[in-house]
Amino acid sequence: MTAESLRCKECGRTYPLKALFVCEFCFGPLEVAYDYEKIRRRATKERIAAGPPSLWRYADFLPVNGRPAVDLQAGYTPLFRAGRLAAELGLKKLWVKNDTANPTHSFKDRVVTVALTRALEMGFGVVACASTGNLANSVAAHAAASGTQAFVFVPADLEIQKIIATAIYGVNVVKVRGNYDDVNRLCTEIASDKNWAFVNVNVRPYYAEGSKTLAFETAEQLGWRAPDKVVVPVASGSLLTKIHKGFWELGEVGLIRRKQPVVCGAQAEGCGPVAAAFREGLEHVRPVKPKTIAKSLAIGNPADGVFALEAARQTGGVIESVSEQEIVDGIRLLAETTGIFTETAGGVTTAVLARLAASGKIHPQDETVVYITGDGLKTLDAVADTISTFEIDPVLSQFEEQVLQQHVEVIKEP
Ligand SMILES: *Cc1c(COP(=O)(O)O)cnc(C)c1O
Ligand SMILES: [Zn+2]
């Protein structure tokens, strides 16, 4: 393993690679620390290219011992040039990383395959999580695939699609009457009492590392270089922080020229504590009570909010928030110009991209990568009343009169 220890992000004290997540001295969060010399020697472009078509091609950068114990082949999702969306926004070089293409249709498969692999390596028999939905889907699927017992805790008012897509795997789904922050508090209590691996509580340092692979793949798919700017959705702030770290690591081990992309974060106004702190120039993040259709991003007290704030400021980026209407417009714009139907989180990200393009914070010539992290089929209600269709009897005249003569401009055959 190239990972050496867990290190406190505040005071730098180190700990063994166990199921620990806070520093005993200063209560700072722990993060995995690596021997980068060892990674530099091992992780050549050739070795990565010869690896599996999944995030496990970057195993040298992940805190696991051997082969992945829990593998649904997450990652290595498409990155493509979004010409029509770019044109719509007045940009020239825009790429979309389509992480809806993961096994359970969100980027959470990346963090879960790493967390569960490490949890089983450490000898845990039961896995659990506190989730805003997508994590629940992913933990349930990976637990089912590996025959591991799982308890999944979600807010009771979660989208029905996400609850069904979790319970279908035969795991224990516990709906908690409260918001995500209530669920998370309960899970922290349970975690201190039971010897279970809570993927985003006591194994969080390992879980979080999975998100770096989004940066690795982006660089590899661009031909081993970093883009100028990235736009990333922010819930707890972990994903954004780790994309930032991922590009840094590639520079550190010499796989790309040292270059830190400008990191921009996306939140909903209805739950935008990190965006608010950014706007007000604060060093800390004030918790809020979430009220937004972007439920997968509805974390009012984000664990890594301060680090997301730092990453954005350090790189010259911003954390921006958008209205509920902009979220819906963002979903539609992405769908109509790229063919990707994203959930509300992707609506937030697309809407923030649109704002940054309109305000000039993203210039037409900036090579920009936007991360679309979840699938629209999981949040149908958000857009259900914005779509329009025709309905007719199976009669030609009705088609002519009620469809063609109404509002459709038929393009002439060439
Ligand atoms: C969880 C999630 C995020 C953000 O995750 P954090 O690491 O908590 O900031 C983004 N998009 C989707 C779809 C998610 O489910
Ligand atoms: Zn510490």
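These legends describe close-up views of a predicted model.

**View 1. Residues around ligand 1.**
The shell around ligand 1 holds 16 residues. Lys-108, Asn-134, Ser-236, Leu-239 and Thr-373 are the closest. Sorted by class, the shell has seven nonpolar residues, seven polar residues and two charged residues.

**View 2. Polar contacts of ligand 1 with Asn-134, Ala-235 and Ser-236.**
Asn-134 uses its side chain: one of its N or O atoms is 2.9 Å from an oxygen atom of ligand 1. Ala-235 uses its backbone, with an N or O atom 2.9 Å from a ligand oxygen. Ser-236 places a polar side-chain atom 2.6 Å from an oxygen atom of ligand 1. On its own, ligand 1 has 390 Å² of accessible area, and the protein covers 98% of that.

**View 3. The cavity that holds ligand 1.**
Where does ligand 1 sit? The site is the largest cavity. Asn-134, among the closest residues to the ligand, also belongs to helix α5, which covers residues 134-146.

**View 4. Ser-146 in helix α5.**
Ser-146 lies in helix α5, a run of residues 134-146. Is Ser-146 buried, partly exposed or exposed? Its relative accessible area is 26%, so Ser-146 counts as partly exposed: buried would need under 20%, and exposed over 50%.

**View 5. Ser-146 and Ala-69.**
Along the chain, Ser-146 and Ala-69 are 77 residues apart. In the model, their C-alpha atoms are separated by 7.6 Å.

Notes:
Residues numbered from 1 in each chain as written. Chains lettered and ligands numbered in written order. Predicted model: local features only at pLDDT ≥ 70, side-chain atom pairs only at ≥ 80, totals over all residues. Heavy atoms only, no water. Helix = DSSP H or I, 4+ residues; strand = E, 2+ residues; numbered from the N terminus. Buried < 20%, exposed > 50% of the residue type's maximum accessible area, 1.4 Å probe, protein only. Near = heavy atom within 4 Å. Polar contact = N/O pair within 3.5 Å; in protein donor to acceptor, adjacent residues only side chain to side chain. Areas by Shrake-Rupley, 256 points an atom, 1.4 Å probe, with all protein chains shown as cover. 1 Å grid on protein atoms, 1.4 Å probe; cavity = no way out; pocket = protein on both sides within 12 Å on 5 of 7 lines; lining within 4 Å. Sits in = over half its atoms within 2 Å of the grid points. Nonpolar A, V, L, I, M, F, W, Y, C, P; charged D, E, K, R; others polar.
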